[in-house]
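Here are a few notes to read alongside the model. Have a look at it first, then work through the points.

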Amino acid sequence: MVINPHKLGIHKILKHIPLNAVFDAPAKRRLAKAVNIADLRICAKARAHKMVFDYLDAGADDEISLRRGKDAYSELEMHYKILAGIKPPLDLSTKIFGADVKLPFFGCPTAGNRMFHWEGETAAAKAAQHHGTLYGLSSLATTGITEIGDIHQGPKVFQLYVWKDRELVKEVLAKAKEGGFNALALTVDFTWYGNRERDIRNDFSIPPKYSVAQVVEAIRKPAWTYDFLSHDAYTYACINTDVPADSLAAFVNSQLSPEFSWKDAEWLLGEWGQPAAVKGVVRPEDAVKAVETGFSTMWVSNHGARQLETSPATIDVLPSIREAVGPNVEIIMDGGVQRGTDIAKAI
């Protein structure tokens with residue numbers, strides 16, 4: 001058995017020593033000065049362990065697709081109208097998965113939020129509830145379905161990977177329905193783990209391997225480190241809350257199913273029986289096939305440029321997807337969005 005601080009129970013002692021505010025003071029000062037997403041990225045880089053920041057920030061291989069996804073928006077000009085008589089406040093409300101929301105955008109489901117900050121998915125869910133928009137929960141979340149349901153009473157989408165074990169799939173779907181999730185997003189661009197070279201260089205692992213380099217970096221980032229050491233070890237809470245994330249890592253890798261097919265997707269839709277998106281569409285013919293299979297929503301995505309290097313910028317393929325499925329099929333898009341003007345361009 002590998003010994004680590006949580007197995008030694010250090011978090012049970014440190015949680016009674018409230019030093020978080022002291023260590024977090026510099027981070028909060030930086031955060032107060034942030035004016036855009038780029039500033040928030042700098043704040044995160046300054047606070048988080050390098051291994052953790054790079055896991056969140058990196059793309060695959062040479063990160064060409066990652067850069068291209070952001071740069072593609074700058075190639076689109078905004079030819080504005082004048083004297084249109086617009087009277088604030090503007091109504092940005094719309095429907096996503098058939099449910100009313102106040103904003104036409106939301107935060108993508110992301111695995112392991114508590115790895116970045118101890119509040120994890122609960123902080124993002126509270127923000128979505130506050131702003132009246134959709135919340136997306138990853139099936140590899142570190143906060144449970146029930147807890148999210150208690151925080152966010154509005155529309156929610158549950159993201160699911162292509163698992164081999166159908167009994168596991170059915171169990172997770174039942175939990176999502178019971179937790180008030182009204183939509184499903186099947187991630188189809190993650191049938192293997194992308195070659196994220198920053199992770200390799202950083203010797204990324206869950207939990208950290210406590211090498212000399214990892215420990216030195218932890219000392220350099222006291223706010224993140226104290227968060228990590230003074231709270232419970234996180235688990236993949238949507239799958240099994242009794243098993244630590246490090247023990248489940250091998251299980252997750254063994255469950256990814258490259259052979260998952262359209263026939264399997266059809267079975268999944270039958271089990272779910274509610275609005276569902278296919279997440280990872282970049283080709284028009286795949287979008288058409290997805291509609292024919294029964295998906296209500298096309299989710300144009302390249303997994304944040306973290307999977308297949310030189311995959312296209314999602315904003316570049318968006319028009320062809322819309323043309324292929326027609327005007328009445330719902331489309332969600334992610335990737336490269338840095339500003340409100342990027343959202344306006346996508347819409």
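1. By how many helical turns are R220 and E217 separated in helix α10? About one, because they sit three residues apart in that helix (residues 212-220). R220 is exposed at 56% relative accessibility, while E217 is buried at 9% (buried is under 20% relative accessible area, exposed over 50%, partly exposed in between, with a 1.4 Å probe and protein chains only).

2. A quick word on the source: this is a predicted model, where local features need pLDDT of at least 70, side-chain atom pairs count only at pLDDT 80 or more, and totals for chains, interfaces and linings use all residues. Residues are numbered from 1 along each chain as its sequence is written, and side-chain values use heavy atoms, leaving out hydrogens and water.

3. The structure has 17 salt bridges. One of them joins D24 and R47 at 2.9 Å, N to O. D24 is in helix α2 and R47 in helix α3 (residues 37-47), so the pair ties together parts 23 residues apart in sequence. D24 is buried at 10% relative accessibility, and R47 is buried at 11%.

4. D264 and R166 also meet in a salt bridge, at 2.6 Å, N to O. This pair links distant parts of the chain, helix α13 (residues 262-272) and helix α8 (residues 166-178), 98 residues apart. D264 is buried at 18%; R166 is partly exposed at 35%.

5. Look, too, for the salt-bridge network that links R41, K50, D54, D57, E63 and R198.

Terms used
Salt bridge = Lys/Arg side-chain N within 4 Å of Asp/Glu carboxyl O. Helix = DSSP H or I, 4+ residues; strand = E, 2+ residues; numbered from the N terminus.
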